[in-house]
Amino acid sequence: FDQWAMPALLSMTSSQHSDGTAAMLSFVPWLRLLRILRVMKLVKAFFQGDLAWTEEGPFQVFMSCVIGVNAVVMSLELDYKWDGWVWVEGAFLVIYTFELAVRLKKQRCGFFLDPVISNTVFNYLDLVMVL
């Protein structure tokens, strides 16, 4: 907000007196507070929500598709120079971090102590790759 809206607000209010500028910009701290409250609401929903959907087919298929698209993107990165690849990789990182967070929340200690050894190995691999 500060990078794109504040210059626009300042340019709109530059024709007014300095009183109008101060009055118009006094709401900015309140917008920041609302942003923090919105993030806290999302965190609360995350901790109280039922994450059973992480074990179901549609989520697993979605994550498999993301992995496949990521493989294609990595091959395209080698052939085409583009400054936007950083943002695409950032989006993949957000998706993978979300997946890891919901799986850790759902499975808790079972994420690290799964009785099936292959699941435990892949869980540790996921953890190391995302972190």
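Phe111 has a relative accessibility of 0% and therefore counts as buried. This value, like the others in this report, was computed from a predicted model. Phe112, the next residue in the numbering, counts as partly exposed because its relative accessibility is 29%; the cut-off for a buried residue is under 20%.

**Aromatic pairs**

In total, 7 aromatic pairs occur in the structure. One of them joins Phe46 and Phe47, whose ring planes stand at 70° with the centres 5.4 Å apart, so the arrangement is edge-to-face. The angle decides this class, because planes over 60 degrees apart count as edge-to-face. Phe46 is partly exposed, as its relative accessible area is 25%. Phe47, by contrast, reaches 53% and is exposed, since the exposed class begins over 50%. Phe111 and Phe112 also form an edge-to-face pair, with 5.1 Å between the ring centres and 85° between the planes. The table sets out the two pairs.

| Aromatic pair | Centre to centre | Angle between planes | Arrangement |
|---|---|---|---|
| Phe46 and Phe47 | 5.4 Å | 70° | edge-to-face |
| Phe111 and Phe112 | 5.1 Å | 85° | edge-to-face |

Elsewhere, a cluster is formed by Trp53, Phe59 and Phe98, which are linked through ring pairs.

**The largest nonpolar core**

The largest nonpolar core contains 13 residues, and the members that touch the most others are Phe92, Tyr96 and Leu100. Three helices each supply at least two residues of this core: α4 (57-79), α5 (85-107) and α6 (117-130). Among the contributors, α5 gives the most, with 5 residues.

Leaving aside residues up to four places away in sequence, Phe92 touches Val66, Val69, Asn70 and Val73.

**Leu51 in the loop between α3 and α4**

Leu51 is located in the loop that runs between α3 (28-48) and α4.

The contacts of Leu51 join parts of the chain that are separated in sequence. When residues up to four places away in sequence are not counted, Leu51 touches Val102, Lys105 and Lys106. For Leu51 and Lys106, the separation in sequence is 55 residues, while their C-alpha atoms are 5.8 Å apart in space.

Key: Residues numbered from 1 in each chain as written. Predicted model: local features only at pLDDT ≥ 70, side-chain atom pairs only at ≥ 80, totals over all residues. Heavy atoms only, no water. Core = buried A, V, L, I, M, F, W, Y, C linked by side-chain atoms within 4.5 Å. Buried < 20%, exposed > 50% of the residue type's maximum accessible area, 1.4 Å probe, protein only. Helix = DSSP H or I, 4+ residues; strand = E, 2+ residues; numbered from the N terminus. Contact = heavy atoms within 4.5 Å. Phe/Tyr/Trp six-rings, centres within 6.5 Å; stacked < 30°, edge-to-face > 60°.
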